[in-house]
Amino acid sequence: AIVQRVEPKAVYVELGRTEGIMESNEFMPGEEYRDGDHIKVYVLKVRRSGSEFAKNPQVYVSRIHPGLVKRLFEMEVPEIATGVVQIRAIAREPGSRTKIAVYSMDPMIDPVGACVGPRGSRVEKVVNELKNEKIDIIKWSPDPAEFVANALNPAHVMSVFISEEEKICRVVVPDMQLSLAIGKEGQNARLAAKLTGWKIDIKSQTQVEELLREQGYDTEPEIPDEADDMGYEV
């Protein structure tokens, strides 16, 4: 799209033969728009008027919708465009950070590597278009415990215990990885929860050992699974 005019509550862009409207709540945080700027936008909806004599339909676009990230990767990654690699989930905090979960049915294809590209060239183009928004590409898994562990990247996860009834994952990380797993202002954990659809309770190894001692457990054996019906260890 090409920016045609900028108003306080909306930006009007040229979309080929028609005009698009990007309302202020669809602006990328911290991004400024100027007449003549070339930007990628995601089409949210097309509103048609009931009158056959009305002008062109109104096209509403966005810079913050997760679909924009998906379409950008489709443009840059041939394996996604052809369906060899699939985007299974996206969690986004526009202008700051996005987590994207990818998967391939072909065991010979590394879905994460395909999205990153040679020397990071593919993901770099997407990051540049999104004005340096950080993007974590992780491998999707049908195993929810493994998926949660992957979603907390770049933190290393020691163990994940799943409680199906509570729909919660209890995650154990090394002491030095706790702040990394949670992220600045909780962002990493928040995006991981949104990406996976699970509530995530993160504790350090020392915190877990202290809890076990308080409950009268020996800290040497494996963590008891009390109400947890699935475990995953790295």
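What follows is a set of questions and answers on how terms apply to this predicted model.

Author: Residues are numbered from 1 along each chain as its sequence is written. This is a predicted model, where local features need pLDDT of at least 70, side-chain atom pairs count only at pLDDT 80 or more, and totals for chains, interfaces and linings use all residues, while side-chain values use heavy atoms, with hydrogens and water left out.

Reader: Why is Ser179 called exposed?

Author: Buried means under 20% relative accessible area, exposed over 50%, and partly exposed in between (1.4 Å probe, protein chains only). Ser179 has 56%, so Ser179 counts as exposed. Ser179 is found in helix H6 (residues 178-182). Helices (H or I, at least four residues) and strands (E, at least two) are DSSP runs, numbered from the N terminus.

Reader: How far is the C-alpha atom of Ser179 from that of Ala155?

Author: They are separated by 8.8 Å. Along the chain, the two residues are 24 residues apart.

Reader: What makes E6 and strand E7 a pair?

Author: Two strands pair if DSSP finds at least two bridges between them. E6 and E7 (residues 97-104) have eight, in the antiparallel sense. Arg92 stands opposite Thr98 in E7.

Reader: How do you know that strand E3 and strand E5 pair?

Author: E3 (residues 18-23) and E5 (residues 58-62) have two bridges, in the parallel sense. The cut-off is at least two, so they pair. Gly20 has Val59 of E5 as its bridge partner.

Reader: Why are strands E1 and E4 said to stand at the edges?

Author: The five strands form an open sheet with mixed pairing, in the order E1-E2-E3-E5-E4. E1 (2-7) and E4 (42-47) each have a single partner strand, so one side of each lacks a neighbour in the sheet. Neighbouring strands here are turned by 30° against each other on average, direction ignored.

Reader: Which strands stand at the edges of the sheet with E6?

Author: This open sheet has three strands in the order E6-E7-E8, with mixed pairing. E6 (85-93) and E8 each have a single partner strand, so these two stand at the edges. The twist averages 20° from one strand to the next. Helix H1 lies across E6, E7 and E8, at about 140° to E6. Axes are lines fitted to C-alpha atoms, for helices over the stretch in contact, and angles run from 0 to 180 degrees between N-to-C directions.

Reader: Why do the buried residues of H4 line one face?

Author: The buried residues of H4 (residues 121-129) are Arg122, Val123, Val126, Val127 and Glu129. Seen down the axis of H4, they fall within an arc of 165°, so they line one face. The arc is that of the directions from the helix axis to the C-beta atoms. An α-helix has 3.6 residues a turn, so residues three or four places apart point the same way.

Reader: What covers these residues of H4?

Author: The cover includes helix H1 (66-76), helix H2 (78-81), helix H3 (111-116) and strand E8 (134-139). Contact means heavy atoms within 4.5 Å.

Reader: What makes helix H7 mostly covered?

Author: Seven of the ten residues of H7 (residues 187-196) are buried. Among them are Leu191, Ala192 and Leu195. Gly197 follows H7 with a positive phi, near 85°.

Reader: Which residues touch the most other members of the largest nonpolar core?

Author: They are Phe73, Leu130, Ile135 and Ile137, in a core of 29 residues. H1 gives the largest share, four residues. A nonpolar core is a set of buried Ala, Val, Leu, Ile, Met, Phe, Trp, Tyr and Cys residues joined through side-chain atoms within 4.5 Å.
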